[in-house]
Amino acid sequence: MANHDILSPQEASYVAHNAYFTLKDWISGQPVIGMETRANVRRMVTGDGVGANTKSGHTNTSLKSTDIGGAKLERVFSGTTAGVSTGFGYVLSFARGGSKHVIVATRGTRAEHSKADIFTDLRGSLTGFAGFGQVHHGFKNTFDSVKIGLARDEKRIMDADVVHCVGHSLGGAVATLVAAHYSSQGKAVKLYTFGCPRVGALGAQFAMESSLGKENIFRVSHDLDPVTMVAPYPYGHLNGLPTDANNMLLVSPTGRLLSVANHDMNEYVRSVGDSEMNWNAVRALSAGVDRDNAVLARWLLRSSDNPGWLTQTAAKGLSYLMKAFSHFLQAAGFAAIAGLTAMDLFSVMLASNMTKMAEMNPGLMECIRQAAGWARIVITGAAQITATVIRGILAAMMSVLRPLATQSLLLVNAAGGAALPLMVAGASALAGSVIG
Amino acid sequence: MNRAAFEYVYLHANALAELAFLRALAGVAAAPPADYTADQLADNAAQADRMMHLGADEIDWAALEGLDDAPAPAAAAPVVAEAPAVTLPGFSETMDAAGLQIDDGPPDVAAYLATVERARAALQARVDDGVARADLAALDAAVATLPADLAPLAGPLAESQFMQWLNLHEARHAGLAAVVTEIRKLEPFG
């Protein structure tokens, strides 16, 4: 029997995809700064759904053909940066299974982030999120602006029996904060994210998980989506462990290693948007993914989009190093090692005393010395050899991943392949305004 | 050091760096590090749990400084040579293009050296760039410390002669390590 209190994979993926139509002229494939008309948003969300996206062969994600095709479009909310108003998302309401449901959908955007501060400066990127701990400040600023925009729908949201928060990419990060906010207000909330980056750090992710309930968080990611790999430890995902039932890591459909195309929402729709899909089926797909840290390390380091960096020689070698470090950390009691990416692994090694323990192993130390020579890392002293090598390799890995993740965000879901022309820099708080 | 000698030093030093790395890691893959003693784990268990549930007031950010775009204190930053000015494929990438095959287990040194020979023509531009940018005085000084009883690194080497240098490198000969470091600084990384 269908669970009427949760969105199906198709419904959730369509809702996430449709959030982009709130940005002016996204429908035509040539988005500009501004807000789309309410009539056009309604047409794309619950009407014929025809636009540049469908004309270029992608799935028509109108909800018209789904079980919630009769949902009512409520507010289309926006945010304002430096005096410029842009569409950010929309609210839907519907009744199902005798309950009142509200959907809050948020789109991804880079309007609030300068290139320099996306996923850089680990320490400086954090800010407090009341009641939960430290989260990325860019996402928090966007959440603050969205909260203002949602204020006019506050009564409807608070009267709902179930609140569904949905988003792709940075929109998933904002949806996470929206979900945590309403769960802290006592609402029953479901969270659905696609290609979501890591939002919380240093325990905030666990606090949000606890508030929402792990069974209410549906995390869908392609295994080679670079955005889902940032930022490394101490950031972490909600439902980030391989053992989490709703951590649905899927084989990337594009077949390209660590490609920006793996982040495209159209690809997520293709992965889970079939009408026959249910969450058990998505979980079953996830079970087939090779989560071996060594595999992740190899793919992270050998990117078809960045062929100049490392070759199979180095990737193979570093995959052995990953295995060695993984074994090392497991032996030292890091039970959550399986949930760490290669970069996390290095970050944890650095931030703990594990580097000193690594130096007790002669075999591992020999590897690390040779890794230093191979990686051009000059060891100037006898102390902290391991930390120096790890830091050098981690810095190089981040220099590969960060541009890929940033590029993925720039090209997010652009129907015509063009980057968003939003050039607003900085992360100032936004004043919301609502259309419709 | 003239160009001809530099070319051999370039090829051999890069080969030593890669092969030593692969051999060391193949050794770890074949025999993972031993488990720690109960005492070592006991000392560490509490910290391991703490690291995975670290709070904002507990993390030592100094360990992660220098990993982002912000300038890092000199003491914390790793010493990595500047990226080369040219955008030519590096040694490793050229070897890959020449068909280098890396299988599980210890690398096949003979096959690796054969690949170096195949890649040699494609590496000439990189060698030219290296001659222009390398600290040749430092390189000469390092080469002068190498054992005189081995076939010169700055000339052609048979497999058995190269293996003597590889064994010496793995035994951590300081002069040879300095040569390898000077050459590896010329490679793109990251």
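Modeller: Of the 190 residues of chain B, 46% count as buried.

Biologist: What makes a residue buried?

Modeller: Buried means under 20% relative accessible area; exposed is over 50%, and partly exposed lies in between (1.4 Å probe, protein chains only). This is a predicted model, where local features need pLDDT of at least 70, side-chain atom pairs count only at pLDDT 80 or more, and totals for chains, interfaces and linings use all residues. Residues are numbered from 1 along each chain as its sequence is written, chains are lettered from A and ligands numbered from 1 in the order written, and side-chain values use heavy atoms, leaving out hydrogens and water.

Biologist: Where is confidence lowest and highest in chain B?

Modeller: pLDDT is the predictor's confidence in each residue, from 0 to 100. Strand β1 (residues 79–80) of chain B is lowest, at a mean of 42, and helix α7 (residues 159–170) of chain B is highest, at 96. Over residues 69–85 of chain B, pLDDT stays under 50. Where pLDDT is low, the predicted coordinates should not be read in detail. Chain B averages 80.

Biologist: Why are α4(A) and α6(A) called oblique?

Modeller: Their axes cross at roughly 60 degrees and come within 9 Å. Under 35 degrees counts as roughly parallel, over 145 as roughly antiparallel, 65 to 115 as roughly perpendicular, and the rest as oblique. So α4(A) and α6(A) are oblique to each other.

Biologist: Which residues of α4(A) meet α6(A)?

Modeller: Among them are Phe139(A), Phe143(A) and Leu150(A). Contact means heavy atoms within 4.5 Å.

Terms used:
Axes are lines fitted to C-alpha atoms, for helices over the stretch in contact, and angles run from 0 to 180 degrees between N-to-C directions. Helices (H or I, at least four residues) and strands (E, at least two) are DSSP runs, numbered from the N terminus.
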